[in-house]
Amino acid sequence: MHWSVLATYWQAILHGLWVTVQITVWGGIGAFVIGVALGCLHQLPGYLLRRAIDAYVEFIRNIPAVVKVFFLYFVLGWEGWESAVVGLAIHQSAYICDAVDAGFRSVPREQAEASWALGHSRLEVFRYVLLPQTWTVSLPSITNQLIEVLKNSSIVMLIGVQELTFQAQQIETDTFRGFEAATAVTAIYVVLAFAIAGATAWFERKVARR
Amino acid sequence: MNTSPRAPDRRRRWLELALLAALLAAAAFLLKDYRWSVIRDAAPLLLKGLWNSWILTLVAVAIGLPVGIVLAILRLEGARPVRAAVAAVVEIIRATPQLMVIFWVYFAVPSLTGTRIPSWPAAILSLSVIAAAYLAEVVRGGLRAVPPVLVESGFATGLTRGQVLAHIVIPQALRTIIPALVSHIVMMFKITSLIYIVGITDFFRAVVLINNRVFEPVPLYTVLAAGYFVCCYALSCAVRRFDKEAARLA
């Protein structure tokens, strides 16, 4: 083993880490916003809207992320970076929508009915009764989906975005030291994944304490 | 908030179907001017790719499930160091991007040992590793869902530990995890698209290769999305059927 290869390529790895973090953060924010918005809209009484969101979720969930990224890149001709972020955001938004919906379903219907009976408006019930209770159920699965954004960000190397996996492959082609590169990059991914899990666990405790 | 829990009546179903048909017709109208003959000409390669994707999925699950069961049992029943080691390996694999796992098997380990693995064994090995790690967690959930009373009464009737596992715990655990298992088969089917990097012509790579040749991205990627959707949706529907059956039985 020649660990010195990492000393030679540390800048490349750092650059890859930075790109991975950026894609994960923007993709994660996008997925979160779209997913939570759709999950909340799914609670509206309109039947067709609900079915349309169902259809969106089914459609997105049953197609691999890499197909979406390639579609944006090769068919729509977007930049690599944009295709990466938007593709990953759209892909994970469906799963987050599902998680949010599960959160709403976990709140007993009687609570909403009781609040209406007390004269609260739909919006008030939604904002003060239902929404605060969904987090405890949906936050763990949302965390998993954010980690999935991180993991799926590795596929954007296939369209030439120079993130961590790309750098590992690059080091492998340059020096045939794939093992050392893979060890370093995998360690970074694992640390990042645990960091996301830790951060949301902290956030969860904060929310729960309120 | 959905205040009407009643099932959609027949008129709504028709409306939904009509809208779906209208959407498909609109899509067909928008896409009709592309060179669809490309698909007909490339059909053998596309079907070969789809077939390879299915084979890879099924072989990976067929290897990954038994390994996953063993890992799950070790993680629950093994000696303390074994438990910790299995937990660490499973969690690290689950936290690693799947593409990176494939990279490990196809590029990283061979660079250490000095011998390249051919692409098919590498593909099957890496997908099996992924399947085993994810299914180990699924199986562990199933094992823990078996009521302790059943295990205790098994011991009380004089069965050994192994007999209790083989005849009481595992059969029941497997029954409860069927829906999760099928949704993981869907997941594995989607992951086969990443086998692209080892150079096996799966469904995804077939489309990319054909597109490099003829450059007709719109029809090709439409067929790609449709192909994945149909395969995965069929499996998802099967899961929901199972889920309902299981709910009715429970």
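Of the 250 residues of chain B in this predicted model, 36% count as buried, a residue being buried if 20 or more other C-beta atoms, placed from the backbone, lie within 10 Å of its own. Local features need pLDDT of at least 70 and side-chain atom pairs count only at pLDDT 80 or more, whereas totals for chains, interfaces and linings use all residues. Residues are numbered from 1 along each chain as its sequence is written, and chains are lettered from A in the order in which they are written.

Chain B contains ten helices and zero strands; helices (H or I, at least four residues) and strands (E, at least two) are DSSP runs, numbered from the N terminus. The radius of gyration of chain B, taken over C-alpha atoms, is 23 Å, well over the 18 Å that the globule rule gives for 250 residues, so chain B is more spread out than a compact globule. The globule rule is 2.2 Å times the number of residues to the power 0.38. Along the principal axes, the C-alpha atoms of chain B fill a box of roughly 70 × 65 × 30 Å.

Between the chains, 36 residues of chain B are in contact with 37 residues of chain A, contact meaning that the C-beta atoms of two residues, placed from the backbone, lie within 7 Å. The elements of chain B that give two or more residues to this side are α1 (10-31), α3 (80-95), α4 (98-113), α9 (203-214) and α10 (217-249). By class, the side of chain B that touches chain A has 25 nonpolar, eight polar and three charged residues. Here Ala, Val, Leu, Ile, Met, Phe, Trp, Tyr, Cys and Pro count as nonpolar, Asp, Glu, Lys and Arg as charged, and the others, Gly among them, as polar.

Conventions:
A residue is buried if 20 or more other C-beta atoms lie within 10 Å of its own, exposed if 12 or fewer, and partly exposed in between; C-beta atoms are placed from the backbone.
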